[in-house]
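Hi there,

Here is the structure I promised to pass on. Please have a look at it first, and my notes follow below.

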Amino acid sequence: SEQKMDEDWLVFHPSPKKPDFKLPDGAVDAHCHVFGPSPAFPYAPERKYTPCNAGKDQLFALRDHLGFSRNVIVQATCHGKDNSAMVDACRSAGELARGVASVGADISAAELEDMHAAGVRGVRFNFVKRLVDATPKVVFLNIADKIQQFGWSIVVYFEAADLEELEPFLKQLPGIIVVDHMGRPDVTKAVTHPDFQRFIRLMEENENIWTKVTCPERLTVAGPPYDDVVPFYQTIVDQFEDRVLWGTDWPHPNMKSHMPDDGALVDYIPSIARTEAQQQKLLVTNPLRLYWGS
Ligand SMILES: O=C(O)/C=C(\C=C(/O)C(=O)O)C(=O)O
């Protein structure tokens with residue numbers, strides 16, 4: 001039966017603007033999701049929120065509207081370990097989409113092979129307490145070992161307060177690790193604050209750790225135009241331009257303060273990556289290398 005979205009859920013922007021910023025040819029929206037539509041693709045019983053339906057056709061229409069060529073579709077916690085909506089979207093898009101799945105320790109090589117054939121190229125380990133219950137780290141280490149044969153990478157989602165405790169675990173993970181939203185820094189503390197400097201040092205000391213310079217709407221305290229968040233992105237892009245990715249985060253789960261216009265988010269890119277060379281790496285070279293092996 002139909003699963004009703006949460007009362008306080010903000011639905012994605014119904015008519016995003018055409019961006020003023022012209023995306024480079026082949027640009028990749030490297031962090032986005034598909035939700036349902038339920039009941040065809042039901043939400044997980046263990047979920048901590050129930051989203052609006054936001055299916056593959058709407059995602060691909062947004063891709064075309066904004067001027068992107070490809071998507072990396074990341075499994076969201078509302079679908080738990082049922083990756084069917086994401087895999088279906090990857091299959092429909094063929095070479096134009098890759099996926100990042102959420103799997104359990106019991107995942108089989110055959111299941112991984114099926115997902116790889118559909119375009120999945122990574123797994124996601126989520127540590128955000130409001131989204132998931134804790135998973136023993138040994139489970140993640142087992143999954144990390146299982147995916148090496150496929151050359152997959154690992155997306156990790158955590159909050160800045162958890163980085164110190166997570167750091168030894170992150171350093172144990174093999175392959176490329178991609179941190180969602182810069183590990184969610186507290187932007188009321190300066191870029192020079194020890195907390196963000198811990199994240200910078202993590203990237204300095206570990207060449208295999210990348211990050212997404214995404215979701216100013218989540219990190220901001222000041223609100224649009226997100227002046228309090230942009231210096232954090234600029235610091236990361238200026239220092240690690242070969243290890244950054246960008247994405248819309250459409251359909252923007254769990255936004256309560258406001259719902260960004262996806263076209264307006266694209267227009268922030270030139271303030272995040274201030275040179276054409278940085279924009280080319282952020283939007284094309286880096287995601288193609290990581291998810292299309294080219
Ligand atoms: O979409 C995001 O990256 C952020 C959020 C949600 C998820 O990632 C998810 O449910 O998997 C959030 O911060 O609520």
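**What I found**

Helix α6 (residues 194-205) has 12 residues, which should span 16 Å at 1.5 Å a residue, and its end C-alpha atoms are 16 Å apart, so the two agree. The expected span is 1.5 Å times one less than the number of residues. Helices (H or I, at least four residues) and strands (E, at least two) are DSSP runs, numbered from the N terminus.

Before going on: this is a predicted model, in which local features need pLDDT of at least 70 and side-chain atom pairs count only at pLDDT 80 or more, while totals for chains, interfaces and linings use all residues. Residues are numbered from 1 along each chain as its sequence is written, and side-chain values use heavy atoms, leaving out hydrogens and water.

N286 sits in helix α11 (residues 276-291). N286 counts as buried because its relative accessibility is 0%. Leaving aside residues up to four places away in sequence, N286 touches W210, E241, D242, R243, V244, L245 and K281.

Finally, a helix pair: where do α2 and α3 meet? V87, C90 and R91 in α2 meet D114, M115 and A118 in α3.

Best wishes

Technical notes: Buried means under 20% relative accessible area, exposed over 50%, partly exposed in between (1.4 Å probe, protein chains only). Contact means heavy atoms within 4.5 Å.
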